[in-house]
Amino acid sequence: MPVESNEWENWPAGPAVSAESAILMEAETGAILYEKNVHEALYPASITKILTALITMEQCSLDEMVTYSNEAVSSINWQTDSNIGIQAGEQITVEQSLYGLLVGSANEVANALAEHISGSVDAFAERMNERARELGCVDSHFANANGIFDENHYTSAYDMAQIARAFFSNDLLCKMSGTATYTIPRSDTVSRELFISSKNKLLAGKEYAYEYLVGSKTGYTSEARQTLVSCAQKDGMKLICVVMKEEAPSQFTDTIELFNYGFSSFRMVNVADADSRYTVGNEIFFESDADIFGSSSPLLSIDPSDSIVLPNTAAYEDTASSLSYENPEGEDAIAEISFSYNGIYVGSAAVHVVDAASGHTAAGGDPSSDRIYINVRLVLFSVIAVYLFLNFLVWLITLLHNYSFSSQRKDRRRRRRRHSRESIDYDRYSRKDPEGF
């Protein structure tokens, strides 16, 4: 399969990987750095469990007790399916269950969490599909919580990267997915100690341990082959890599190669630090040297935490940008600047209302609040325009008045001249005929 990103203009050439589908995405921006067949619908196997874990984290408290029903436990194949050996009727916490799910890749744990949250696996699958759409997935349909093969259970590398962005934004999920071993102790609700060990060879102490790894989740079925979702962070850049339909051990070596490509070929650029333009995409960007109260704070400001990702060979000035006020992302944002490099999306930056007195983002970011912000440039331009218009109007009125007054004077002169001529003619006639009445 071709590597589509290698065809992009002035884009760093990425490695050839043997996975049928692969993607490398910058986590904070969502910018794609490498893509190969990223929208093909493929079977995910156990990387499905990162979505199960994400929903669990969003909807449950860690200390909630999860009861393992007979259906949750007996529906898996204990000889071939990944499991932690928990028995029907036993209970462990949500936190322990998540470790069992992400470290041990336990299928019965996925079933039990699905039942705990939605009442049944089928109902939970509906929630999975709903959450996937909310995260921007476009190629997926989930039929179960653990990734056991089902023809109606499929996704794409692109969709898994979108899910992974949300998953790896949670520190505890990162920790869990980066853990090599975990023990659930014997208790009143568990009959024996459960020792859990990960098969993920990217983790510390394993064969392909990766120094900058944040977390990772493996998957395998005979239909899906090897699948792997991973996250790594270095030099302020957080990358997500997904490889699907791969053969062992290339899922690990290809992931490492893609991470190294990303970290060596790209860099993060802070937009607020780099941008010196007051206009973006021919839209007036509200920033001025003074507001009506004499403050020097900008009225609207680029979020100082927002960055874009660029090839090392590209300059910030090489980017194109557009400003939109419709549905901006980011808390309290009222607008968003979207950046591209040679037509490729490289990130965005939120625009916030700034409190002129404090220099901080105004609470709620609502420009319709009781504080009134004035764009001095626009005000000055408007005043000058009105002044020039009024001067023109005065000049025009004066011109018309002078023209009218001049016409009246000319008419009076003509009448006087005509009256004088008539008087002269009368005098001449009288002299000729003094008796002639």
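User: Which strands does helix H8 lie across, and at about what angle does H8 run to E9?

Analyst: Contact here means heavy atoms within 4.5 Å. Axes are lines fitted to C-alpha atoms, for helices over the stretch in contact, and angles run from 0 to 180 degrees between N-to-C directions. In this predicted model, helix H8 (residues 250–265) lies across E1, E2, E7, E8 and E9, at about 150° to E9. Helices (H or I, at least four residues) and strands (E, at least two) are DSSP runs, numbered from the N terminus.

User: What is the order of the strands in the open sheet?

Analyst: Strands of a sheet pair through backbone hydrogen bonds, either parallel or antiparallel. Two strands count as paired if DSSP finds at least two bridges between them. The five strands here follow the order E2-E1-E9-E8-E7, with antiparallel pairing. E2 (32–36) and E7 (213–221) each have a single partner strand, so one side of each lacks a neighbour in the sheet. Eight bridges join E7 to E8 (residues 225–234), and Thr221 has Arg225 in E8 as its bridge partner.

User: Is strand E14 buried or exposed?

Analyst: Buried means under 20% relative accessible area, exposed over 50%, and partly exposed in between (1.4 Å probe, protein chains only). Five of the five residues of E14 (residues 307–311) are buried, so E14 is largely enclosed by the rest of the structure. Ser307, Val309 and Pro311 lie on one side, with Ile308 and Leu310 on the other. E14 pairs with E10 (residues 266–270) in the antiparallel sense over five bridges, and Val269 stands opposite Ile308.

Note on methods
Residues numbered from 1 in each chain as written. Predicted model: local features only at pLDDT ≥ 70, side-chain atom pairs only at ≥ 80, totals over all residues. Heavy atoms only, no water.
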